[in-house]
Amino acid sequence: MRKVLSHLLMLLLPLCVNAQPGRELRAVKLTNVDSYVLFDDGEIARAMDFLAAHNFNVVLPVVWNGHGVDGVYTLYPSAVMERLFGKAMYPLFSPGRDPLERVVIEAHRNGMEVWPWFEMGFSCSYSQGGGYILRTFPEWALRDNNGALVVKNGFDWMSGINPEVQGLFLALVSEIVDRYDVDGIEFSDRIPAMPVEGGYDVATAQLYAQEHGGSAPPANYRDPEWMRWRAQKLTAFYSAVRDSVKRRSTQLMVSSSPSVYPWAYQEYLQDSPTWFTSGIVDNLIPQLYRYTFAEYLYELNSSLSYVPSAMRDRFFAGMLIYLRGENYLIAPGYLLDAIQANRARGVMGEALFFYEGLRQRNGVLADTLRATVYGESAQPPHRGESVWRPPALVVHEDDASAKRIGTWEQTTASGYRGKALLHRDTSYAAVEYEFEVPASAWYHVLAFIVTGTLTTDRARFSVYSAHDTSVHVLSQRGYLNAGWRRLRSAYLTAGRHTVVKLDNHSVLPGDLIVADATMIMVDRKRSPEVVFTGTPSSHDRLMPRAVRLRVYPNPAHDAATVFLEVPHAGETAVTVYDLLGRQVLEVLPGHLPPGQHSLRLRLDHLPSGLYFCRVCTAESSAVTKLLLTR
């Protein structure tokens with residue numbers, strides 16, 4: 001019973017320590033090995049819907065990775081990498097795809113920020129001798145005091161002090177923030193970083209000699225002054241990155257997720273306290289990746305000891321929730337305890353490594369968070385009182401605010417939210433989309449493209465801005481054309497306006513034209529100053545209406561009744577989990593019609609404690625706490 005009361009007390013702690021109600025960082029990292037990044041744009045959209053429905057507000061998609069394919073690649077089409085290596089993007093992607101663009105669109109549609117993440121950093125391959133990068137530029141290799149390539153924990157390293165290597169990353173960062181309407185960048189444990197064994201490459205040794213009267217670097221790679229000099233060079237590089245980012249927009253976040261200090265300094269020369277206290281990074285998210293709560297609490301307290309109390313609102317926790325290779329999934333009870341420990345110490349947010357863990361075991365971690373500590377939506381704390389990324393506004397083709405001209409018929413084509421309109425003949429047809437624009441600003445204007453073998457490659461969209469009208473002809477054929485497509489960035493004034501018109505003016509006889517949803521979302525590159533004080537209402541819905549769940553009595557003794565409201569007919573399952581995430585009870589009522597239902601749970605075989613009761617249908621799920629007492 002003491003353990004149960006402890007958990008309940010911890011669940012109440014945020015009410016006492018949250019100085020900014022509704023302000024928490026709820027970030028999740030996305031790795032390149034997830035199938036939704038590699039192969040399926042539709043799964044990217046579903047992943048972003050899933051995260052938004054579970055009240056996350058920042059996503060960190062990896063943009064620099066590539067195990068097993070001859071080195072590290074960008075995960076977006078890079079002109080920088082094409083120019084230097086003739087390799088624009090990760091080779092497993094289909095030509096013409098841009099996964100980062102897709103993540104940006106779908107995350108911003110849901111009102112979430114995007115901070116591209118350079119996961120592999122100054123490491124250029126994994127046990128591949130440096131891969132294609134060092135074959136092209138062997139002088140970029142990080143060398144130890146015997147002249148060998150530095151390989152640490154399987155990672156092959158470039159020299160992060162070599163000016164050309166630094167120039168590569170400055171160019172990649174600039175390329176991303178110039179091309180994409182992102183909200184920041186994320187560096188982590190391998191950037192800026194250098195294994196302490198390294199620094200004996202020609203470029204680094206020459207720079208050291210220039211600053212030390214011609215002397216060579218000390219042979220002892222742990223010489224304190226030699227360590228400090230290399231760490232300062234890495235810090236200077238990070239400062240240059242920040243300056244480059246902030247010149248483009250002061251609103252762009254520079255985020256850091258290093259290994260824990262002082263180990264990170266002793267092994268990788270990462271001086272994160274200096275980055276943090278000198279303002280090089282806007283927030284610090286150390287990787288407190290530990291397998292037990294006691295170990296996590298130790299690292300949390302140790303990391304906080306380096307943080308001035310006045311800067312604690314910029315410190316967040318990096319948390320390990322899943323490792324595929326080790327078949328590790330954090331227990332729900334440990335996850336809740338760790339988050340509550342964060343809040344009790346004034347740490348108002350965390351970044352979870354990584355997304356796929358939220359989907360394991362039918363999403364038990366995500367549902368547990370939504371049922372407890374992430375029960376309400378929250379804005380990232382670094383944006384003050386304004387809403388930096390309001391959800392997009394979507395007008396569907398059959399909404400009252402979409403005026404249809406001509407003959408349109410409903411089609412079963414797989415459109416946005418599973419519907420679309422089709423026009424077959426040569427008579428004039430159009431759909432005019434009217435939006436309630438919440439504030440005068442620049443907006444990205446997008447159309448959802450449904451593709452097919454008989455559809456037109458000449459769908460004409462007119463976009464009406466406050467300044468002009470532009471015409472955009474898009475193809476409705478081919479896999480890569482499907483989904484949300486940007487039409488343009490347009491300045492729109494507040495109020496109700498027709499923003500987009502689709503017509504068949506250019507369609508060839510015999511071709512079909514499909515009308516689906518259109519969307520506007522704020523363009524922060526062009527309107528960083530516009531303030532949204534609340535979340536604009538959207539014509540769109542993020543998810544189908546969710547199943548509802550209530551348990552009575554709660555606390556329960558030997559039995560309880562589960563009351564369900566099921567929005568759609570389908571198979572339903574009710575499960576009970578303990579704090580370690582183990583299933584202790586399952587009831588399968590089978591196929592239920594829409595409406596209200598009740599189920600009796602026998603609990604007399606379970607010990608006292610805190611449990612989670614979860615109902616799951618084909619389209620949605622819900623979780624609630626269940627306290628069992630004897």
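Colleague: Let's start with Leu269: does it count as buried or exposed?

Modeller: Buried means under 20% relative accessible area, exposed means over 50%, and partly exposed is in between, using a 1.4 Å probe and protein chains only. Leu269 comes out at 0% relative accessibility, so it counts as buried. One caution before we go on: this is a predicted model, where local features need pLDDT of at least 70 and side-chain atom pairs count only at pLDDT 80 or more, while totals for chains, interfaces and linings use all residues. Residues are numbered from 1 along each chain as its sequence is written, and side-chain values use heavy atoms, leaving out hydrogens and water.

Colleague: What is the phi of Leu269, and where does the residue sit?

Modeller: Its phi is positive, about 60°, although Leu269 is not a glycine. Helices (H or I, at least four residues) and strands (E, at least two) are DSSP runs, numbered from the N terminus. On that numbering, Leu269 is in the loop between α11 and α12 (272-277). Asn153 also has a positive phi, about 55°, without being a glycine. Asn153 lies in the loop between β8 (151-152) and β9 (155-157), and at 58% relative accessibility it counts as exposed.

Colleague: Which peptide bonds to proline are cis?

Modeller: Ile191 to Pro192 is one, with omega near -15°, and Pro192 sits in the loop between β10 (184-187) and α9 (202-211). Tyr261 and Pro262 are also joined by a cis bond, with omega about 5°. You'll find Pro262 in the loop between β11 (253-256) and α11 (263-268).

Colleague: How should I read a helix, and how many residues of α6 are buried?

Modeller: An α-helix has 3.6 residues a turn, so residues three or four places apart point the same way. In α6, eleven of the eleven residues are buried, so this helix is largely enclosed by the rest of the structure. The buried residues include Glu101, Arg102, Glu106, His108 and Arg109. Gly111, with a positive phi near 80°, follows α6.

Colleague: What does Arg102 touch?

Modeller: Contact means heavy atoms within 4.5 Å. Setting aside residues up to four places away in sequence, Arg102 touches Asp41, Ile44, Gly483 and Trp484. The relative accessible area of Arg102 is 10%, so it is buried; its place is in α6 (residues 99-109).

Colleague: Which strand holds Leu626, and what does the residue touch?

Modeller: Leu626 belongs to β35 (residues 621-628) and is buried, at 1% relative accessible area. Beyond four places in sequence, its partners include Val551, Pro553, Leu603 and Tyr611. Pro553 is 73 residues away from Leu626 in sequence, yet their C-alpha atoms are 9.1 Å apart.

Colleague: What about the chain as a whole: how many helices and strands does it have?

Modeller: There are 16 helices and 35 strands. The radius of gyration is taken over C-alpha atoms, and the globule rule is 2.2 Å times the number of residues to the power 0.38. The chain's 27 Å is close to the 25 Å the rule gives for 630 residues, so it is as compact as a globular protein of that length. Buried residues make up 60% of the 630.

Colleague: Where is pLDDT under 50?

Modeller: pLDDT is the predictor's confidence in each residue, from 0 to 100. It averages 90 over the chain, with 93% of residues at 70 or more. Residues 1-20 stay under 50, and the model has 30 contacts for them beyond four places in sequence. Residues 538-544 are also below 50.
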